[in-house]
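Trainee: Please take a close look at a single part of this structure, and describe it together with its surroundings.

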Amino acid sequence: MANYRTSKWMAASIALAVLLSACGSGGGSDAGDGGKSSTSSDAGDKGTTTTPSDAKGDALAYEKYSEPVSISVGFKIPDDKLGAGDTNDNNPVSRYLEGLLNIKVTHAWEAKGDDAFKQKVNLAIASNDLPDAMVVDRNQLRKLIDNDMVEDLTDVYAKYGSELVRAMYDSTKGLALADATVDGRIYGMPNVAIEADAPSLLWIRQDWLDKLNLQAPKTVDELAAIAKAFIEQDPDGNGKKDTLGLTGDKQVVYGQKPNPNGFDSIFSSYHAFPKNWIKDKDGNVVYGSITPENKDALAKLAEMYKAGLIDPQFALYKETQEPIVANKTGMFFGPWWMPYWPLADAVANDTKAEWKAYATPLDKDGKFVTHMAPVTDRYLVVRKGYKNPEAAVKLLNAFTRIERRSDPNKDEMKKLDDYATANTVQNRNYYPFDLLLDYSDAVVKRYKDVQAALKGELDPATFDPDTKQVYDYSVIEKENPKKNMDAWKPAKAYELGGGVLATTDMEKIYSLFYGTTKTMETKWTSLQKLENETFLKIIVGDLPVDAFDTFVSDWKKLGGDQITKEVSDLVAG
Amino acid sequence: MLWRKRSFHYHLMVWPGIVFLILFSLVPMFYAMMAFQDFRPRRGITGSEWVGFDNFQYLFQLPDSRTIFFNTIFLAVMKIIANLIVPLVFALLLNEVRVRFMRRWIQTIVYLPHFLSWVLLATVFFDVFSLDGIMNKLISLFGVDPILFYQSNKWFPAIIIGTDVWKEFGFGAIVYLAALTGINPVLYEAAEIDGASRFRQLIHVTIPGVKTTVILLATLALGNVMNANFDQIFNMYNPLVYQSTDIIDTYVYRVGLNDLQYSLATAVGLLKSVVSFVLVTVSYVLASRFANYRIF
């Protein structure tokens, strides 16, 4: 009897458990679906019934919905700390946008940091549970188009795209939109990266150089000599041997759009262009990481690492900027915008720091060589089936207008600026989408205009709002150096970074191909892993430099040859 | 009726576990089919194209797969062995401590790390083993040059195993301590009367007393031979030590979630599960034979 009872109880409890789990998942999906369908149908009804057809052009691009429309997005959480009471989805920026367009932006999910954001997007794609709109990268866009998961935005863009957005897409001569176009249809609103983002410059502590009576380096060897002096001669003057030489990143090179600490410029000074597709001497398409020039660059880096001139722990940092922010290093590579981040943090920690940028090292003919970056690398997409795809485009119009400082609502803009200054946040971090548009030659042009105005050759009153702001900040910084970091950031980024780009004659190497081929889909990951590990191990001395030759033949065998052929065909055709 | 009242709360305690099991272990089984498909999220599990064993074939061509299988088994086996021996020795030593409150204190302190998360510990150990960390300061006292522990394929696996043991041995010792208190004190009295020293008592009374527990734990641990602890390794490793510490789980994570190769990642995971299943079965047979342990 006891036995019978036990089994009955057992059965009952298992049954209940099954029931519970069913309820749990059922309830969950109910709620999810309910939420989604109600928002989209609400939005759909209202969207279709309240959009007047008489408005055109910019009037339509910024037109306020008469009934609230709701859109869920994936949001990237910034480092900034908002004022009291404000949250990531309810702050002055979001309130302004909602008031302007009557679009209620909700966050389907949030993620902090680029890696976490990328994984969240991947997860959303994998589980076929996309927010109404989000920003994706090139591979994700391709995946989404292949799987027919995103809306065709061609007509929406044609109807709702603002003058400003169009003008900036046009400044790329159609390249940006072409990147998100398949069979003549546009599936994503691309960002427009400025050309200036591609070259990686050498940032160096001028005050350390001066203290040790050294000249700025021109070649890799001079760079190595300075690294040695920075390590051994106690440039920070604290009596301890605690300074590092050149810092690096575990990716070794970024290849396209650099962040801090890439060795890109060292490779390109040897005419090696890892991670880019280039033409060799005979005009054949070849993958830039396997050319013999890479071996020279790696040999040099390995030699420097062995001598302790490169930060011994560069591959281990969780966040690459750690030694820079801690003011442990006096030299690193990075693009023109370094003063915005991480240098602003570094200078805040040590106000004596005087950073300068140089376009070095030079190649053997004395020329600065650099790879370039794709025009666009991020795309705003709208979930297939979302009823108001134009809401995403309208938001893009609106925040692009704020970012380019062309919003006519002066009072509101003033409030936003004051808020940003008072709380030291960047308003751009609170746009619903992390997708900036600019004219592709913007940095160099702004630098030249501002410098001319500072010399009194140009009247700043004639500037477009963006340039005017850089000018104003440059004036503030000039009068009171390092007092206002909000002014320091743009003033120095343009003066130093923009200045070098404007005055250096560079040899620019454009990659022939940025997309993905059939074989790449399955094999590229392991090839990249092989490449990254080999490069890293050669530099830190785990592998001899000659291991590069083995890497090249392995790379070709493991699918590299096939991929090279596919890329050649695509480039030729 | 009385019986029902008494057992009801046991069932209540089992339910959450069963729900968990169904949601996270049984439901995903269905999606293991992905390993035999060219999975496309939009088409879903029912609409994706079947490709047979293509993913597995590709898996075995990958130069990485040998490394990750070897690393997984190597690290897991080393951890299993170390996690059996260290807590046992520790429990035996602690059992000899005569001052009662000292025993309690030590026991409590050593099992505290068990409750810390690897995310936190990874940061702590990074500092301990960094170039100017405690470890390097310590060895420099003996005139040894600083070692970059975290990027050395020789040292890093040892760190992985060592830190894991450090975190878990206190907790593991609890089971042994329980077994030790279960030994009948009469046996010790008899041994003492026969003139056995403390050490003799250890050899002839204590160790035979915990032998079954040791064997049981060892055989049960066999089921974990494919689990080298994702949490720990994912938080501690870097590309330079992939060669020695990249394990199946971290690889699946990178391939599946970072690189969007769902089917390949599922294939790797499924293969791991199949091997684990065989090992669990073997360990159950062994456990029932040597330690008289039975589930059914």
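Mentor: Helices (H or I, at least four residues) and strands (E, at least two) are DSSP runs, numbered from the N terminus. The model is predicted, with local features requiring pLDDT of at least 70 and side-chain atom pairs pLDDT 80 or more, while totals for chains, interfaces and linings use all residues. Residues are numbered from 1 along each chain as its sequence is written, chains are lettered from A and ligands numbered from 1 in written order, and side-chain values use heavy atoms, without hydrogens and water.

Residues 105-126 of chain B are 73% helix and 0% strand, with end C-alpha atoms 28 Å apart. Residues 68-93 of chain B are 100% helix and 0% strand, and their end C-alpha atoms lie 37 Å apart. An unreviewed UniProt entry annotates both spans, among others, as "transmembrane region"; such annotations may be inferred rather than shown by experiment.

I now turn to the contact between the chains. The axes (lines fitted to C-alpha atoms over the stretch in contact) of helix 4 (residues 114-126) of chain A and helix 13 (residues 248-258) of chain B come within 9 Å and cross at roughly 70 degrees. The two helices are therefore roughly perpendicular, a term for angles of 65 to 115 degrees. K118(A), Q119(A), N122(A) and L123(A) meet Y253(B), L257(B) and N258(B), where contact means heavy atoms within 4.5 Å.

Elsewhere in chain A, strand 1 (residues 69-77) runs parallel to strand 2 (residues 103-112), joined by 9 bridges; pairing requires at least two. F75(A) stands opposite E110(A) in strand 2 of chain A.

Methods. Axes are lines fitted to C-alpha atoms, for helices over the stretch in contact, and angles run from 0 to 180 degrees between N-to-C directions. Angles under 35 degrees count as roughly parallel, over 145 as roughly antiparallel, 65 to 115 as roughly perpendicular and the rest as oblique.
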